[in-house]
Amino acid sequence: LELQKAVRVLLGTELSTNGVTISDFMEKQIETAPRLDLRPYGYITYGGPFFDVVYWRLPARMLGNKITAYGGSLKFKLQFECTGQMYTQPLVVMKGNEITLIAHAKTELRPGKENEISIDIYETSFEREDGQPSTREHLLMTLANLDSLLIRATHCANQKESRLGEISLDIAVDRDTQQEVAFEVEQCHCPPGYKGLSCEECAPGYERSGGGLYLGLCEPVEAVTPVVPYTRCDPGGALSPTPDARTGQCACKSLTTGPQCNQCKQGSFFLNPRNPEGCLKCFCSGVTTQCDSSNLYRSQIFLRVGQQPELIEQLGVRTADRVGTFRPSSRPMVDSSRSISFSGFFEAPYMKALYLELPHYFLGNKITSYGGHLTISLRYRGSGRDNTEPEVILTGNDIMLNHRVRIPLTPDQDHAISVPLTENHWNREDGRMATREHFMMALAEVSSLMIKLSFKENMDHIAIRDIAMTVTTDRDGRERAWEVEQCSCPREYLGTSCEECAPGYTRSEGGFYLGTCVPCDCHGHADRCDPKTGICYNCRHNTEGDHCERCQKGFEGDATRGTPNDCFTRATPPPCECHNHSPRGCDPYGRCLRCEHNTEGIHCERCKPGYFGDARSGTPFDCRPCPCPGARECFLDSDGQVTCRGCPAGFTGRLCQECAPGYQKDPVDPQRCKPIGRHYPFHTVYGGEEEPVTLKWTRPTHPSLPVNSIERNGILTLYSVTTADSGIYQCSGVVGPHYASDDAELVVVKIVKFE
């Protein structure tokens with residue numbers, strides 16, 4: 001093979017930024033449309049922001065099968081401007097076949113200079129992500145299917161710009177290019193089923209299996225019905241840009257669906273290429289799973305004491321302890337540069353960080369800030385060891401979350417910190433990563449938002465110039481808040497995430513996440529109550545109390561009855577309405593004294609149990625006896641027919657006149673239903689009218705009666721008898737001092753059938 005220097009021109013005379021993106025090391029946050037400038041000549045320039053270490057992500061034409069690059073070089077030029085500490089993260093990252101290899105610069109990079117970089121494509125130039133040296137096998141497997149090629153864009157603290165130019169990658173081709181021979185590139189004699197210089201691909205009619213060494217075995221393709229594949233999978237919802245060659249289906253992320261993975265699953269919304277799950281899961285406070293992106297737009301609130309000096313009085317300084325919080329006597333000040341200035345660190349306990357408490361308008365319901373940022377501009381002076389406590393602490397609904405800045409904050413330099421308001425950048429108190437549910441619950445009722453002031457062991461002074469937080473507005477003309485959900489809430493709930501109770505409802509402790517919204521308990525004397533405490537607003541009908549549960553001064557009655565006439569003055573008693581069923585009238589509170597005609601209730605407004613009808617008709621015959629056995633209750637069904645409520649054992653039907661399944665009419669007593677089967681109850685006959693007779697059954701030859709027997713009112717009944725139940729049974733009767741008994745013999749014969 002001849003070695004050809006294949007210069008993939010991104011810059012220069014054929015200047016192009018197509019396909020160049022910016023991402024983090026893990027490629028979880030990809031800036032697909034970064035603002036890139038084609039200046040100076042021969043370079044692409046990226047202006048940031050550089051809040052975290054980011055990488056140039058080279059386009060697809062630099063990827064794929066690059067196994068012939070082995071033995072060549074990757075060359076490029078870098079320029080950058082900064083004054084802070086130099087970073088040591090990997091300079092070049094290659095990913096392929098689930099392998100990540102990294103390479104560091106051979107020489108120290110220089111700010112403000114043109115840095116020419118050359119990385120030899122040998123295993124000795126790379127190491128694995130865990131720090132172990134790369135092997136030749138690792139490198140060749142990565143080059144066989146190169147998924148990503150990253151070049152670091154962030155090189156030091158306080159970086160202003162990053163420039164990349166003159167990128168070239170050596171590959172080999174099978175024609176004479178008048179250049180040196182690619183001796184390092186192997187040409188293997190591949191067995192059937194394989195092709196490629198290193199047998200890295202499967203031949204036509206073969207497909208890769210999971211077994212074997214390195215890239216897996218190539219095995220014959222099973223005959224399948226041809227499927228017309230989709231030309232391309234959605235880049236935001238699919239794990240791969242191309243569908244499966246056999247099925248034509250795209251491999252979707254966990255929350256996307258559809259043939260091209262271009263739809264969000266039920267219970268999720270906002271398809272976003274940066275989201276590793278594809279879409280955001282609906283939170284909706286756990287009361288619904290139906291949501292979509294809101295129609296709100298991004299805005300900001302600011303803390304700038306230079307414009308509003310009176311805000312300095314609303315700021316507090318404290319430690320982060322929940323119990324035993326320390327608050328210094330020193331107060332924040334406004335300095336000559338109109339920044340928030342604090343120097344009272346000498347009062348704090350040793351190595352205890354002090355925090356600035358933000359004012360009230362940064363608190364409360366900030367659930368629509370999700371997906372935005374909290375930005376802080378500061379400069380401090382100090383020395384000694386770093387303070388390791390979190391830079392930002394957010395507390396809401398008894399959930400404390402913290403954020404730690406990943407890049408070092410050096411003293412005597414200006415720092416601009418940007419904190420994303422999404423769960424994957426925050427941790428709980430126990431150190432575990434916050435979930436979307438934790439983060440949304442905390443944002444729904446922010447009770448505290450604190451910014452760290454102590455960054456070193458010995459702090460002298462800190463100045464905070466600006467603090468801004470993303471909020472939302474319904475005014476058009478700004479960036480759309482796609483990450484903010486708009487839920488289809490039940491009538492008891494309000495808010496974009498159903499995080500508040502609707503008027504007339506208050507929060508209970510049960511239910512999911514923030515609790516369930518239940519009707520206000522105001523005994524019918526108020527329409528609204530506090531959505532958090534349940535205290536009723538504007539009690540009517542001469543009532544008062546947290547729940548309108550008592551009469552106002554000068555009134556009397558029972559306010560908990562729930563009628564407009566509960567509380568009255570003695571001069572104006574409530575009306576007496578008993579529907580002609582109470583000849584004695586009412587008490588001073590309007591309650592009927594004695595209901596007749598089989599009625600009951602405060603106003604004799606309903607029939608007693610065992611009767612049916614409309615007690616409010618006002619006649620003595622309003623309530624008639626239920627035609628049900630055993631004086632059972634009854635009611636009028638939807639057809640206006642009387643129906644018994646619960647039949648005795650063995651009966652069923654509207655009026656309990658039919659035998660239930662497993663029962664049949666008793667031929668001796670047609671009014672009874674008896675279980676289907678043979679039953680032989682033992683009956684006793686006794687006389688006596690003056691004193692009651694006490695009867696008891698025993699089995700003289702056994703300590704107790706059989707377990708399959710029931711003794712009730714002098715009758716002994718045995719169910720499912722067997723030959724073991726045969727024998728003598730004795731009935732004893734006692735009347736005062738007199739005693740009598742009689743025996744009965746039970747004979748059970750087993751019938752044997754012959755066929």
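**The cysteines and their links**

Tutor: Cys644 has a relative accessible area of 7% and therefore counts as buried, where buried means under 20% relative accessible area, exposed means over 50%, and partly exposed lies in between, with a 1.4 Å probe and protein chains only. This is a predicted model, in which local features need pLDDT of at least 70 and side-chain atom pairs count only at pLDDT 80 or more, while totals for chains, interfaces and linings use all residues. Residues are numbered from 1 along each chain as its sequence is written, and side-chain values use heavy atoms, with hydrogens and water left out.

The partner of Cys644 is Cys628, and the two sulfur atoms of this disulfide are 1.9 Å apart, a disulfide being a pair of cysteine sulfur atoms within 2.5 Å. The torsion about the S-S bond of Cys628 and Cys644 is -100 degrees, and the link is left-handed. The pair ties together distant parts of the chain, for Cys628 sits in the loop between strand E49 (623-625) and strand E50 (634-636), whereas Cys644 belongs to strand E51 (residues 642-644), 16 residues apart. Strands here are DSSP runs of at least two residues, labelled E, and helices are runs of at least four, labelled H or I, numbered from the N terminus. Cys628 is buried as well, because its relative accessible area is 9%.

With a relative accessible area of 27%, Cys188 is partly exposed.

In one of them, Cys282 is joined to Cys291, with 1.9 Å between the sulfur atoms. The torsion about this S-S bond is about -80 degrees, so the disulfide of Cys282 and Cys291 is left-handed. Cys282 has 9% relative accessibility and so counts as buried, and Cys291, at 15% relative accessibility, counts as buried too.

In the other, a disulfide joins Cys576 to Cys586, with an S to S distance of 1.8 Å. Here the torsion about the S-S bond is about 75 degrees, so this disulfide is right-handed. Cys576 lies in the loop between strand E45 (567-568) and strand E46 (599-600), and Cys586 lies in the loop between E45 and E46 as well, the two being 10 residues apart. With a relative accessible area of 43%, Cys576 is partly exposed.

One more cysteine belongs in this account of burial: Cys731 is buried, because its relative accessible area is 10%.

Taken in terms of handedness, the link of Cys628 and Cys644 is left-handed, that of Cys282 and Cys291 is left-handed, and that of Cys576 and Cys586 is right-handed.
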